[in-house]
Amino acid sequence: MIKDKITQGLRAAMFNSTKKTEDTNKEQGFFICSNKDGTLAPSRIRCEGETCQIKVSRSPKPCPGEIQGFFHTHPQKLGFEKKIGRNVTEEEKRHLTYTDSRGMESTAQMPSYSDIITIFITKCERYTNGTICTAGDLEPDKVGCWTAKKDSTSHMNCARARVDKMLSRELEGSPKKWIRPLFDIETIDLK
Ligand SMILES: [Zn+2]
């Protein structure tokens, strides 16, 4: 569970990023660093907009110790309000679910399939410990964190993820069924 290891600083950085997304309509993100004592803190390196994706084998090293994973936000509010033609209410925000292109249910804080396979590949390459956390500005108090399980990165699973990253046309939808059981899923309440 990463829930118990989140520092106040990480909590604040996640919350501020989601607020900033609401203001800018752009993705905001950073690395989640694992401290020597096992607690988790945000990296100093930040990203915004199109560049906001974890890349494998980047330098300089974003964390002083191990890289637990990556956090980023998804701007959704503006697009959703355009669709319904008015402001979204606080009540609606709490109960929102979407249906993605494959008809699967998704929430504001659910990572995309692309997010999941990308972080999975970074665990296959032992670059990170396999955690991706995402939050959407439609439900800014909640963060979804998916962590690849200890023995999930078999050669077969890693190969499948790499092929799908190149060939799948459904990267923007919710995570595909095959990969979900390979992750521990947590929802973190920032309130
Ligand atoms: Zn994403």
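Figure 1. Two residues are in contact if their C-beta atoms, placed from the backbone, lie within 7 Å. The model is predicted: local features need pLDDT of at least 70 and side-chain atom pairs count only at pLDDT 80 or more, whereas totals for chains, interfaces and linings use all residues. Residue numbers start from 1 along each chain as its sequence is written. The protein contains five helices and eight strands; these are DSSP runs numbered from the N terminus, with helices (H or I) of at least four residues and strands (E) of at least two. Their order along the sequence is α-β-β-β-α-α-β-β-α-β-β-α-β. The radius of gyration, taken over C-alpha atoms, is compared here with a globule rule of 2.2 Å times the number of residues to the power 0.38. For this protein it is 16 Å, close to the 16 Å that the rule gives for 191 residues, so the protein is as compact as a globular protein of that length. The C-alpha trace spans about 45 × 35 × 30 Å along its principal axes.

**Figure 2. The open sheet of six strands, in the order S2-S1-S3-S6-S7-S8.** Two strands pair if DSSP finds at least two bridges between them, and the pairing in this sheet is mixed. S2 and S8 (183-189) are the edge strands; each has a single partner strand, so one side of each lacks a neighbour in the sheet. From one strand to the next, the twist averages 20°. Seven bridges link S7 and S8 in the antiparallel sense, and Lys 142 has Asp 189 of S8 as its bridge partner. In a regular strand, side chains alternate between the two faces of the sheet.

**Figure 3. The hairpin formed by S1 and S2.** The two strands run antiparallel and are joined by six bridges. Phe 30 is bridged to Arg 46 in S2. Five residues lie between the strands, and Gly 38 in the turn has a positive phi of about 90°.

**Figure 4. The largest nonpolar core, with 31 residues.** A nonpolar core is a set of buried Ala, Val, Leu, Ile, Met, Phe, Trp, Tyr and Cys residues joined through C-beta atoms within 7 Å. A residue is buried if 20 or more other C-beta atoms lie within 10 Å of its own, exposed if 12 or fewer, and partly exposed in between. Of the 191 residues of the protein, 37% are buried by this count. Within the core, the residues with the most contacts are Ile 32, Leu 40, Phe 70, Ile 116 and Phe 120. Two or more core residues come from each of H1 (8-24), S1 (28-34), S2 (40-48), S3 (66-74), H4 (113-124), S6 (131-136) and S7 (142-148). H4 gives the largest share, seven residues.

**Figure 5. Phe 70, a residue of strand S3.** Phe 70 counts as buried because it has 26 C-beta neighbours inside 10 Å. Leaving aside residues up to four places away in sequence, Phe 70 touches Gly 29, Phe 31, Ile 32, Ile 54, Ile 119 and Ile 132. The C-alpha atoms of Phe 70 and Thr 134 are separated by 8.5 Å, although these residues are 64 residues apart along the chain.

**Figure 6. Helix H4 packed on the sheet, where it touches S3, S6 and S7.** The direction of H4 makes about 155° with that of S6; axes are lines fitted to C-alpha atoms, for helices over the stretch in contact, and angles run from 0 to 180 degrees between N-to-C directions. H4 has 12 residues and extends 16 Å from its first C-alpha to its last, close to the 16 Å expected, where the expected span is 1.5 Å times one less than the number of residues. Of the 12 residues, 11 are buried, so H4 is largely enclosed by the rest of the structure. These buried residues include Ile 116, Ile 119 and Phe 120, and they pack against S3, S6, S7 and helix H5 (155-167).

Figure 7. With 14 other C-beta atoms within 10 Å, Asn 25 is partly exposed. Arg 126 is exposed, with 10 other C-beta atoms within 10 Å.
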